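Trainee: I would like to learn how to read the features of a model one at a time. Could we go through one together?

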Amino acid sequence: MSPSTVDPPTIHELKSLAGRDAAGSVESGMRVGLGTGSTVAHFLLGLGDRIAGGELSDVVGVPTSIRTEKAAIELGIPLRTLGELGALDLTVDGADEVDPRLNLIKGLGGALLREKMVAQASGRMLAIVDDTKLVERLGERAPVPVEVVPFEFSSHLRWLEGMGAEPVVRRNEDGGKYVTDNGNLVIDCHFADGIPDPIALDECLGRRAGVVESGLFLGMADEAVVAGKTGVYRMTREDSR
């Protein structure tokens, strides 16, 4: 009789493990930035359960997308705005790539601008991912989303090619241009061998008129909750020094 085997956890299960583990980082009285994405959905479930069960009190969140706002309301998570709260204690968000220094690529969910605004207002940022998102070099697997204003958006394509990218205008399933919650478009920038210098790229994108924001989150995450086949573990920026 062959020994029994246990199927490895699915991506969905890994995301659930990471998201619910991250919910344990929230304490009573915290002002929390609520990220966007499939992994964050599990964090919201965990946070909502803790609030509903009386484990947490006086917790309020700032959502980074309309989708997150709707989910938080359904789960009974109190919401406020950055204008009302000012500084936040913690932002919990997913990531599309994480390098060994906890630099991130974010924005495949389309909320990069609001996510970065909320993260910058926070004293600490916690990224939640499964281990398939870990890379040695940013851009190895995921494109860098670049949010641009609709006016003359195609003028950026050749410029981005000159930066070494293969730019693709993001589209919906019906073929129409994807539009962010802010009414802007997204150009996904693929790099065949990863990004040689993310800092230089981020600076160039920041100087380009018509570019609203990029999905490069450099030096912003303080910690990452990572779910893998052997369980959940944490990476900190201090560990990478």
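Trainee: Leaving aside its neighbours within four places in sequence, which residues is A142 in contact with?

Mentor: First, keep in mind that this is a predicted model. Apart from those sequence neighbours, A142 touches D96, E97, I105 and L108. A142 itself is found in the loop between β6 and β7 (144-148).

Trainee: Is A142 buried or exposed?

Mentor: The cut-off for buried is under 20% relative accessible area. A142 has 8%, so it is buried. As for its distance from another part of the chain, T64 is 78 residues apart from A142 in sequence, and 21 Å separates their C-alpha atoms.

Trainee: Next, the sheet. What is the order of the strands in the open sheet?

Mentor: The order runs β2-β1-β3-β6-β12-β13, which makes 6 strands with mixed pairing. An edge strand pairs on one side only, and here the edges are β2 (60-63) and β13 (231-236). On average, neighbouring strands of this sheet are turned by 20° against each other, ignoring direction.

Trainee: How many bridges join β3 to β6, and which residue in β6 is the bridge partner of G94?

Mentor: Strands β3 (residues 90-94) and β6 (residues 125-130) run parallel and are joined by 4 bridges. The partner of G94 is I128.

Trainee: Which strands does helix α5 lie across?

Mentor: Helix α5 (residues 112-120) lies across β1 (31-34), β2, β3 and β6. Its direction is at about 150° to β3.

Trainee: Moving along the sheet, how many of the residues of β12 are buried?

Mentor: Start with the general idea: side chains in a regular strand alternate between the two faces of the sheet. A strand can therefore be read one face at a time. In β12, one side carries E223, V225 and A227, the other A224, V226 and G228, and all of these are buried. With 6 of the 6 residues of β12 (residues 223-228) buried, the strand is largely enclosed by the rest of the structure.

Trainee: Now backbone angles. What is phi of L102?

Mentor: L102 is not a glycine, yet its phi is positive, about 65°. L102 sits in the loop between β4 (97-98) and β5 (104-105). Its relative accessible area is 0%, so L102 is buried.

Trainee: And where does E152 lie, and what is its phi?

Mentor: E152 is in the loop between β7 and α6 (155-162). Its phi is near 50°, again a positive value in a residue other than glycine. Partly exposed covers the range between the buried cut-off, 20%, and the exposed one, 50%. E152 has 47% relative accessibility, so it counts as partly exposed.

Trainee: Last, pockets. What is the volume of the largest pocket, and which residues lie nearest its centre?

Mentor: For a pocket, read the volume, then the lining, then the elements that supply the lining. The volume of the largest pocket is about 220 Å³. Of its 19 lining residues, T36, G37, S38, A95 and D96 lie nearest the centre. Helix α2 (residues 38-52) gives the largest share of the lining, 3 residues. By type, the lining divides into 5 nonpolar, 8 polar and 6 charged residues.

Trainee: Which residues line the second largest pocket?

Mentor: The lining consists of V62, P63, T64, S65, I66, E69, R80, T81, L82, R114, M117 and V118. β2, α3 (66-74) and α5 each give two or more residues to this lining. The largest share, 3 residues, comes from α5, the helix that lies across β2 and other strands. The volume of this second largest pocket is about 180 Å³, and its lining divides into 6 nonpolar, 3 polar and 3 charged residues.

Methods:
Residues numbered from 1 in each chain as written. Predicted model: local features only at pLDDT ≥ 70, side-chain atom pairs only at ≥ 80, totals over all residues. Heavy atoms only, no water. Pairing = 2+ DSSP bridges. Axes fitted to C-alpha atoms, helices over the stretch in contact; angles between N-to-C directions. Contact = heavy atoms within 4.5 Å. 1 Å grid on protein atoms, 1.4 Å probe; cavity = no way out; pocket = protein on both sides within 12 Å on 5 of 7 lines; lining within 4 Å. Points joined across faces, edges and corners; volume = space filled by probe spheres on them. Nonpolar A, V, L, I, M, F, W, Y, C, P; charged D, E, K, R; others polar. Buried < 20%, exposed > 50% of the residue type's maximum accessible area, 1.4 Å probe, protein only.
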